[in-house]
Amino acid sequence: MLLGEQDQFLSYNGEVLVFQLSKPKHVEEVDDKTMNLCVRRMSFNRDTKLFVQKSSGVFSMRASHSKIEMICCSCTTDSRTGIILPCILMKKKKWNNVKYFLLLLHSSNQFEQSFYFKLDYELKEDIRLFAGPSVLWRHANKLFYISSNTCVVQSAPVHLSSVVWTGEIVDEGTVVLGIRTACLPESEDVDEFSVSDRAIWGSEFFGYAVQTQKMLTATCFLPHAYSRVVSSVYICKTERLKKQLRISLVAITHKNQLIWFQNGLPKGVCELPYEKPCSVKPAVTSSNDLLFIVSFASGNSCVVQRRDSLQVASKWQKVKCVLVDDFIGSGSEQLLLLFKDDSNTDVLSTFKITDLGEVNYASGVSYKHDVPATEGLQENGLLTVRALETRLQAGWTSVRELQQHLGLKKRVILESCRALIDLVEERTHILPNAKEEGLVSLWDDVENPPHSLSKETSLASKVPEHFTEKLWQRVVGDSLVVGVKLTESFYLSLSDVSLSLVMDQDFSSISPVIKCQSKIIRLNKAFSALAVSSSQIEPPPKKIRLDLHSKSDLKKEFPKRSSRFQLDAAKTVVAVTNLSPLLAFHRVCCVVLLHARKQNHQNESLQESKKITVCCGKILLSLEDISNGRYSVKMLRDESYCTGSMEDILAVLAVSVRLSFQIVSSDCTLTPVNSWLLGEMQCTPFKECRDNIFCHKAGNVYGTIFNWTLKNPFEGVLTIFCRNLTVLFQCLHSLTRVLPPSCDVKLLRSGSKGVLTEQLALALEKEMLTLKNSLFLKETKAENSLTWGNESGKKISNAPLASLLDTEEGVQQFRKKFQNEREESVQSMNQTMNGALYQKIALKVAEAQLSSDMIVWRLS
């Protein structure tokens, strides 16, 4: 079949439909009064790499003194069945009367006339076919449309200069996006920028819903400033979010540009390679790449790819038309380019099928000598890509489920934090409904709280108010230090004391609990500082121990050794946290919570202790106070002393790295160390604790605290509190230059060797006594409800052994007593023990053994 100027091409379900008007072959039989509309269904053969005809159809029309033309064709939805069918708009002109009729092509290649209408003018501008089928056009700056449901030409109450898009929008039906002369309202509740754009450019975009006959806000499509340059639009995605219409589209302009718009705002632009672009349509390839095919009035075409940005991926010249469909049956779309070829008039003689990736077929290329495995390899590659895409989609689904799970965990943590604050401040906390949170309750909801919770709440409320003596805060560098000075009202295990900082504001997007590091600093009159960090590295145990409550890394205290020390000590618990994240809120109020274990004086086991939580007060932090230096550490020189307050000293110690070094000299005394501290390092002692000195030397070492203790003239311990290890190395480098070459400097794990040795002896003694008392004390026998000896209840006299052996009755009494003791011994060896008692004994023994292991690690 030869092609003419009136031929139309349409892609439908992977096939190419070729429409052509022609006269019958036997014209003498019909007297030249009939015109045929022929259609041929062409499909791509992957074996021959050519298009072959599958079927054909003919529609005959009377053409007596009339001129018949094809206006346009498109695939539209038949409202009767909801099936998308090829649709062709035909024109029959006779004298001054113009008749238009719409044909539908069914799968059987039968044509059906849907409707017709007559006009006294010809359709020339912005002719569109849409669902129904329906026809829309512009004439004399007015919008007209007709549908198969009414078969009556209707006029829209709008004046316009052009139509840039027609299509379906969710909840609106068929919508026309056009350009008209700006109508500036006298009083209208619209955006000021929209009004100014219309006033400046004199034109505006508008949206008109055909079915509902209402106007849509056009600023969600395009800004009015582009109304002078946009020639065509394709809307890629529409959705409604909270009753707001959100639209993604691309537009081509008279300035040879393709612009990407998102919700009415330009997001990307690409310069087109040719002039006068006239239409744009999309394609989605096998790699999920979104392509935009732009056709130009000159017969050229190009493809713009949208990945990170818009860019021209390919371009062609002398293109007759570009169709988009799955022509090779791969499950994704390809581009079919039909080229102009004057030398060959066969149907689909010069073409190219491509997706700018794996698929690439072209006419005029010989495939006869290709290895047969080549095509199979390409097919296998496509199958592999699709399998990988499926796995990628499954992975993305898993990621979304994980994100939902993390969001649920975050909500649970936030609700737990609110419950903790309400518990401490003695407020009633109302838990949210499990169904509202997307959770399933694991137990029946009851109105009254469990007994254990009520008991814990009452315990927290019964804590004496005078438990904490003072609350303070300091800013040291990029750290915030919050301190609580404790009283000696009742005994606390210092290994289980910590602070929490909880923001008092209600932040829905972040956790109110501030990440911080708790430390315990005890200062006696001699200013012997011991800092305990909850994040200290746990020593390698010499044998497997039973970790009670993940507190094995904390230093244990020994009442026998430090009972006198506690009377003189000032116990202070501090929390150190990063300051800069808090400054983002400008002003933040934090609740300070103290967590501890209250123990009985008679039993020091953690199993006998009770957890308590105390609200120590609130701290207010503002950027203005920090800028004014309200919470800064002040270490000033007063003659030959340093006048820092106790809170300032504790704050510096809390953020410092503490290391102790044993210095031993065999040839000479260690007097140069003291001279080095007071001279080169420019140190001055604290006024209230002169054994510790503060470094005033300018530079990185400023603020370092030293403690120099001489055991004898040839041996001493130097303790350094510095802000980081760089400062430590600078101090040691300066010290080694003044020490004699024969000096030996050794890093101590914690404290002096003599003190640790004494503590180890006490720990081993405590471990031995715990082991003995747990297994052999009479109270252990009583707990097991075992009674040995004296089963008959008879009283055995405590007479001397010699008097019992003098008489026969005495011998019998001694024999009976001996027999009872032997039975008692056998019973004690074969006794059983319940699980609760065994667990209690094991925890006591493990607690004692952990203390000795810790001290051995420090001594090693």
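Which strand does serine 660 lie in? Serine 660 sits in strand β40, residues 657-664, where a strand is a DSSP run of E with at least two residues and a helix is an H or I run of at least four, numbered from the N terminus. Before going further, keep in mind that this is a predicted model, in which local features need pLDDT of at least 70 and side-chain atom pairs count only at pLDDT 80 or more, while totals for chains, interfaces and linings use all residues. Residues are numbered from 1 along each chain as its sequence is written, and side-chain values use heavy atoms, with hydrogens and water left out.

Back to serine 660. Its relative accessibility is 4%, so it counts as buried; buried means under 20% relative accessible area, exposed over 50%, and partly exposed in between, using a 1.4 Å probe and protein chains only. Its side chain makes a 3.1 Å polar contact with the side chain of threonine 719 (a pair of N or O atoms within 3.5 Å; within protein, one must be able to donate a hydrogen and the other to accept it, and residues adjacent in sequence count only if both atoms are side-chain atoms). Setting aside neighbours within four places in sequence, serine 660 is in contact with Val717, Leu718, Thr719, Lys746, Leu747 and Leu748, contact meaning heavy atoms within 4.5 Å.

Now look at helix α8, residues 646-655. Eight of its 10 residues are buried, so the helix is largely enclosed by the rest of the structure. Among the buried ones are Ile649, Leu650 and Val652.

Helix α10 (residues 725-736) holds leucine 732, which counts as buried because its relative accessibility is 19%. Not counting residues up to four places away in sequence, leucine 732 touches Phe661 and Ile720. Leucine 732 and phenylalanine 661 are 71 residues apart in sequence, yet their C-alpha atoms are 10.0 Å apart in space.

Next comes the largest nonpolar core, with 24 residues. Such a core is a set of buried Ala, Val, Leu, Ile, Met, Phe, Trp, Tyr and Cys residues joined through side-chain atoms within 4.5 Å. Leu480, Leu499, Val592, Leu594 and Leu621 touch the most other members. The elements giving two or more residues to this core are β30 (479-486), β31 (498-503), β35 (570-578), β36 (587-598) and β37 (610-622).

Finally, find the open four-stranded sheet, ordered β9-β10-β11-β12 with antiparallel pairing; strands pair if DSSP finds at least two bridges between them. Its edge strands are β9 (125-130) and β12 (154-159).
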